[in-house]
Amino acid sequence: MGQTQPHPDALMERVHQVEPVIAEHRAWQEENRRMAPEVFDALRAAGLWGIFKPVELGGLECNPVSALELFEAMGGIDPSVGWAVANQAGIDIFGVILPGEGAKEVYADPGRPVAGGWFPPGQAA
């Protein structure tokens, strides 16, 4: 879709914005085995649920190198949060291959992650 992508420094500033919130809720997340709502909301406010979402749909439409650097930085702060952001971003890629109306329907809210399973037939052990 190809509009202007954010500068890498601006992306890292978004990561630094959420770092104190992640640190504050790290113990809660570990104890409860899920992302704290406050962390989720901070990621949304920073636009970090839209790494690969097309700009036209309210996302950041990052290039792969910048996105990988962002995922690495997030993982350095908290591996679980980095994993969640990176995996969700992979699903954003479908926004550029869906027909226009379908993409608008699925990605209508840029602050809401889109989730799915890459290989649903698996079995938990």
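**Exercise 1.** Which residues does D78 touch, not counting residues up to four places away in sequence? Find where D78 sits and how it is joined to R26.

Solution. The model is predicted: local features need pLDDT of at least 70, side-chain atom pairs count only at pLDDT 80 or more, and totals for chains, interfaces and linings use all residues. Residues are numbered from 1 along each chain as its sequence is written, and side-chain values use heavy atoms, with hydrogens and water left out.

Step 1. Helices are DSSP runs of H or I with at least four residues, strands are runs of E with at least two, and both are numbered from the N terminus.

Step 2. List the contacts, meaning heavy atoms within 4.5 Å. Leaving out residues up to four places away in sequence, D78 touches I22, R26 and Q29.

Step 3. Look at the side chains. D78 and R26 are joined by a polar contact of 3.5 Å. A polar contact is a pair of N or O atoms within 3.5 Å; within protein, one must be able to donate a hydrogen and the other to accept it, and residues adjacent in sequence count only if both atoms are side-chain atoms.

Step 4. The R26 and D78 pair is also a salt bridge, with the closest N and O atoms 3.5 Å apart. It links distant parts of the chain, since R26 is in helix α1 and D78 in the loop between α3 and α4, 52 residues apart.

Step 5. Classify both residues. Buried means under 20% relative accessible area, exposed over 50%, and partly exposed in between (1.4 Å probe, protein chains only). D78 is buried because its relative accessible area is 7%. R26, at 34%, is therefore partly exposed.

**Exercise 2.** How many salt bridges does the structure hold? Describe the pair D92 and K53 and the pair E101 and K104.

Solution. Step 1. Apply the criterion: a side-chain nitrogen of Lys or Arg within 4 Å of a carboxyl oxygen of Asp or Glu. The structure holds four such bridges.

Step 1. D92 and K53 meet at 3.7 Å, N to O. This pair links helix α4, which holds D92, to the loop between α2 and α3, which holds K53, and the two are 39 residues apart. Both D92 and K53 are buried.

Step 2. E101 and K104 also meet at 3.7 Å, N to O. Both lie in helix α5, three residues apart, about one turn of the helix. E101 counts as exposed because its relative accessible area is 60%, while K104, at 48%, is partly exposed.

**Exercise 3.** Which residues of the largest nonpolar core touch the most other members, and which helix gives the largest share?

Solution. Step 1. A nonpolar core is a set of buried Ala, Val, Leu, Ile, Met, Phe, Trp, Tyr and Cys residues joined through side-chain atoms within 4.5 Å.

Step 1. The largest core has 24 residues, and L43, I51, L70, M74 and V85 touch the most other members. The elements giving two or more residues are α1 (8-32), α2 (37-45), α3 (64-77) and α4 (79-92). The largest share, five residues, comes from α3.

Step 2. Apart from neighbours within four places in sequence, M74 is in contact with V15, V18, I22, L43, L48, V81, G82 and V85.

Step 3. A second, separate core has five residues, among them L57, I91, Y107 and V114.
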